[in-house]
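Subject: Structure for you to look at

Hello,

Here is the structure I promised to pass on. Please open it and keep it beside you while you read my notes.

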Amino acid sequence: MKLTVFGATGGVGREVVRQALAAGHEVTAVVRDPARLGVPAHERLHVAVVADLTDETALAPVVAGRDAVVSALGAANNKQARLTPVAGPALAAVLAVMERTGVSRLSAISAAPLGPDCPEDGALLRVAVYPLLRRALRDLYADLAVMEAAIGASRTEWTVIRPPRLLDRPRTGTYRRALDANVPGGKHIARADVADALLTTLTDPSTVGHAVGVAA
């Protein structure tokens, strides 16, 4: 497939680029600073510098003609999300360009706290821990909620991946998945496995139009 990857210099995005190339895909990595990509040059890797991810004119050349778009975009922390939301504004522009250029398949990262609580996780987590987490990171999750709403209202064939806490560990490929739900007891997952989920769901029609909870 020909893929465009947004957020390619982040921990998950970099893994998406590496794994996609290893799987034989042609990848356009959209970055602001090419020096931060950290992926060796490859004949199937094209690096596109886009300074403003809300600029639809700049986005059109990196989206047109692709088979799918993968978004690993998200604010680095709650303060950044409060001052300059990332995922919501960028995905609104990306979705508009996808519709205009006829690219329909999208896989995007979100976060587990936007999904429903699991009854199996117990009252303490559901009543105390999770609400505190959502309050502490409310701006970050608000940005992702805006993104999810835009994706859900779009005409794309979309899949949203909702992971819990991200860890820098090797890909296992044996993580758990839950359709339109969070994984019971899911506390963490490797960034490399989230990248795997973003890529593998692109060819899984059962995930189209759904949010997929993932966890180790």
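Glu99 is partly exposed, with a relative accessible area of 48%. The model is predicted, so please keep that in mind throughout. The side chain of Glu99 meets that of Arg155 in a salt bridge, at 3.4 Å from N to O. Glu99 sits in helix α4, while Arg155 lies in the loop between α6 and β6 (157–162), so the pair ties together parts that are 56 residues apart in sequence. Is Arg155 buried or exposed? Its relative accessibility is 72%, so Arg155 counts as exposed.

Why do such pairs form? Side chains of opposite charge can pair when their charged atoms come close.

The structure holds nine salt bridges. Another one of them joins the side chains of Glu56 and Arg100, at 3.1 Å from N to O. Glu56 belongs to helix α2 (residues 56–63) and Arg100 to helix α4, so this pair ties together parts that are 44 residues apart in sequence. Glu56 has 30% relative accessibility, so this residue counts as partly exposed.

A further salt bridge links the side chains of Arg177 and Asp204, at 3.0 Å from N to O. This pair also connects distant parts of the chain, 27 residues apart. Arg177 is in strand β8 (residues 176–179), and Asp204 is in the loop between α7 and β10 (210–215). Arg177 is partly exposed, with a relative accessible area of 39%.

Now the helix packing. Start with α2 and α4. Their axes are 9 Å apart, and the helices pack at an angle of about 55°. That angle makes α2 oblique to α4. The crossing is right-handed. From α2, the contact uses Glu56, Leu59, Ala60 and Val63. From α4, it uses Ala93, Val94, Ala96, Val97, Met98, Arg100 and Thr101. Glu56 and Arg100, the salt-bridge partners from above, are both in this list. By class, the contact residues are eight nonpolar, one polar and two charged.

Look at the spacing along a helix here. An α-helix has 3.6 residues a turn, so residues three or four places apart point the same way.

Next, α4 and α6. Helix α4 covers residues 87–101 and helix α6 covers residues 138–153. Their axes come within 7 Å and cross at roughly 20°. The two helices are therefore roughly parallel to each other. α4 passes α6 in a right-handed crossing. Which residues of α4 and α6 meet? In α4 they are Ala87, Gly88, Pro89, Leu91 and Leu95. In α6 they are Asp143, Leu144, Val146, Met147, Ala150 and Ile151. This contact of α4 with α6 has nine nonpolar residues, one polar and one charged.

Then find helix α7 (residues 191–200). How many of its 10 residues are buried? Eight are, so α7 is largely enclosed by the rest of the structure. The buried ones are Ala192, Asp193, Val194, Ala195, Asp196, Ala197, Leu198 and Leu199.

One last stop is Asp180. This residue is found in the loop between β8 and β9 (188–190). Most residues other than glycine have a negative phi. Asp180 is partly exposed, with a relative accessible area of 39%.

Best wishes

How values were computed
Residues are numbered from 1 along each chain as its sequence is written. This is a predicted model: local features need pLDDT of at least 70, side-chain atom pairs count only at pLDDT 80 or more; totals for chains, interfaces and linings use all residues. Side-chain values use heavy atoms; hydrogens and water are left out. Buried means under 20% relative accessible area, exposed over 50%, partly exposed in between (1.4 Å probe, protein chains only). Helices (H or I, at least four residues) and strands (E, at least two) are DSSP runs, numbered from the N terminus. Axes are lines fitted to C-alpha atoms, for helices over the stretch in contact, and angles run from 0 to 180 degrees between N-to-C directions. Angles under 35 degrees count as roughly parallel, over 145 as roughly antiparallel, 65 to 115 as roughly perpendicular and the rest as oblique. A crossing is left-handed if the near helix is turned anticlockwise from the far one by less than a right angle, and right-handed if clockwise. Contact means heavy atoms within 4.5 Å. Ala, Val, Leu, Ile, Met, Phe, Trp, Tyr, Cys and Pro count as nonpolar, Asp, Glu, Lys and Arg as charged, and the others, Gly among them, as polar. A salt bridge is a side-chain nitrogen of Lys or Arg within 4 Å of a carboxyl oxygen of Asp or Glu.
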